[in-house]
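This report describes the architecture of a protein model, from its secondary structure to its helix contacts. Please consult the sequence and structure shown here while reading.

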Amino acid sequence: MSEWWSYSLADFLLFSPRVYYRLFETLNTTWWLAVTAALVAGIITFGLSIRHGNRGNRVALVLLAMIWGWVTAGFLWYYYQPINWIIPYFIPAFITEALLMVMFAARRMPLRFGWRGDFSSIAGVVMIAIAIFVYPFVGLIEGRDLIQAELFGSAADPTAIGTLGFILLARGSWRWVLLPVPLVWCVLSSGTLWVMDQNIALLPLIAVWLTVLGGWMDQKSGVTRRSLPDTGGDD
Amino acid sequence: MFLLGRRNFLRGATAIGATAGLGAIKPLWAQTLDNRAVLDVIKKPIPSTGEMIPAVGLGSWITFNVGNDPVLRDQCANVMQAFFDGGGRMIDSSPMYGSSQDVIGYGLDKLGARDRVFSTDKVWTSDDGAEQIAETSDYWNIDKFDLLQVHNLVGINDNLPLLFDMKDAGRLRYVGVTTSHGRRTDDLIAVMKNTPLDFVQVTYNPVDRKVEDYLLPLALERGIAVIVNRPFQGGHLIDRLEGEKLPDFAAEIEVRSWAQLILKYLISHPAVTCPIPATTQPMHAMENMQAATGPMPDDDMRQRIAAVIGVL
């Protein structure tokens, strides 16, 4: 593309807020059962992830993988891809994220989640809680109908933000493999929302910032490299 | 003194419709069309052939990119209906505009309007232009386009000869080139000077007037039709003027909104063939077509329009 400096971010946005938020209205009304199931799966995953012990880690990862699969097929592929030229490039990344979660679940020692009481745990829980319980209602402040709510498990933004929270709650260095896709998505989405003049654009950016800070503090303290005490549980 | 802005005009008309026509089946814009004589829309010649086309077209950038949403697709079809019923013909799109081409095809199917449309699209690729044009034809469900343009001069060394070959083979009626936001002006001028273009598409409105200096006179001299994109700066210009009083002289040219004033400013330039405003509202599409009727501003009034809008 020549004269690239003369282009702004807005030049690459080819849809209006009206059309964007109608995506969620159509998704929520057409696929209400799947949308509800995905939200419930997210809440169950949240509950499993903050428990002490090893129980439920595989289930949590499988539920998260299914959620990412549903977001890819339901939201990205059918609804968002026709209006946004960049989405086809993201679909393989979302599928990869879901497959990575399945791989982590299938390992002999699955990725482990758990409350540790440190900064990352707090940030992780806050991000998940916002993604599941707050994000759907943020649109009301901007004057949108509740039927256009972006729900964790079906809409990409709250799912990515919540997933970053789950990654912060996890242990071990391998968890960072799951980081790039939701992190890049949050940056992209924040830019999209900013161009559309939506105040909610700040939320994905704050999630990115908290994740990077939490990750850095975890690496510095080495807390996630220490092994968990044996709780006698199994998966 | 007219006090109506574009949205106030729409609100007022909607309110009148709501009170006067509660039992009516047709939407207000359709009733309004039914109740008026067929618009005597100004037509302008395409210099290379002399064919006359209505002086206002319909753009699809952003407004028609509504994906698979059935409600919004029907709304777009309503816009097309109002546009055709108002006497419009040229609809413009691009492979760059997401689902817009597909939505236009849906609208043409629904309205059965393939014989009414002046089909205008673009080729926008550095790879296989022929393949992209074939996809575009599938979206529109149309065998032969009236006009295809090289979008933003992308891949022009391959795509322009391709379009001229199609024209020579009788598979295309007109060939054009587009730019927007005043980009690649030097390249565009070179193409206009050295190739037998039928159309050129540029950004022009009472605030973005650089094309008046050289491009528009060159188009006149070379006999190239001019399509004007971003007549309302993608809607920003109308938003800025919302709530402002129309100047007194607007009454002289039978203008009832800022949108109509801007369109009359553009249409009245001798080099301009057809501005292509985009809209999501059937009422706006009709209002835009009304801008191509009645008296037009002379040079003096055009300067006053630009001056008034420039300071607001």
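## Overview of chain B

How many helices and strands make up the secondary structure of chain B? Chain B comprises 12 helices and nine strands, where helices (H or I, at least four residues) and strands (E, at least two) are DSSP runs numbered from the N terminus. The model is predicted, so local features need pLDDT of at least 70 and side-chain atom pairs count only at pLDDT 80 or more, while totals for chains, interfaces and linings use all residues. Residues are numbered from 1 along each chain as its sequence is written, and chains are lettered from A and ligands numbered from 1 in the order in which they are written.

Of the 312 residues in chain B, 51% are buried; a residue is buried if 20 or more other C-beta atoms lie within 10 Å of its own, exposed if 12 or fewer, and partly exposed in between, with C-beta atoms placed from the backbone. Among the contacts in chain B with a separation of 6 or more, 79% join residues 24 or more positions apart. Two residues are in contact if their C-beta atoms, placed from the backbone, lie within 7 Å.

## The nonpolar core

The largest nonpolar core contains 146 residues, and B:V200, B:V226 and B:I262 have the most contacts inside it. Its largest share, 12 residues, is supplied by α3(A). Such a core is a set of buried Ala, Val, Leu, Ile, Met, Phe, Trp, Tyr and Cys residues joined through C-beta atoms within 7 Å.

Leaving aside residues up to four places away in sequence, B:I262 touches B:N205, B:P206, B:P231, B:F232 and B:L237.

Helix α1 of chain A (residues 17-30) has 14 residues, which at 1.5 Å a residue should span 20 Å; its end C-alpha atoms are 20 Å apart, in agreement. The expected span is 1.5 Å times one less than the number of residues. Buried residues of α1(A) include A:V19, A:R22 and A:F24. Their cover includes α2 (32-49) and α3 (57-80) of chain A, together with α3 (70-85) of chain B.

Between the chains, 13 residues of chain B are in contact with 15 residues of chain A. The chain B side has four nonpolar, six polar and three charged residues; Ala, Val, Leu, Ile, Met, Phe, Trp, Tyr, Cys and Pro count as nonpolar, Asp, Glu, Lys and Arg as charged, and the others, Gly among them, as polar. B:L72, in helix α3 of chain B, touches A:V19, A:R22 and B:V66, not counting residues up to four places away in sequence. B:L72 counts as buried because it has 23 C-beta neighbours inside 10 Å.

## Helix packing in chain B

α3(B) and helix α4 (residues 100-111) of chain B pack at an angle of about 65°, with axes 9 Å apart. Axes are lines fitted to C-alpha atoms, for helices over the stretch in contact, and angles run from 0 to 180 degrees between N-to-C directions. The residues of this contact comprise seven nonpolar, two polar and two charged. Among those that meet are B:C76 and B:M80 in α3(B) and B:V103 and B:Y106 in α4(B).

B:D102 also lies in helix α4 of chain B. B:D102 is buried, with 23 other C-beta atoms within 10 Å.
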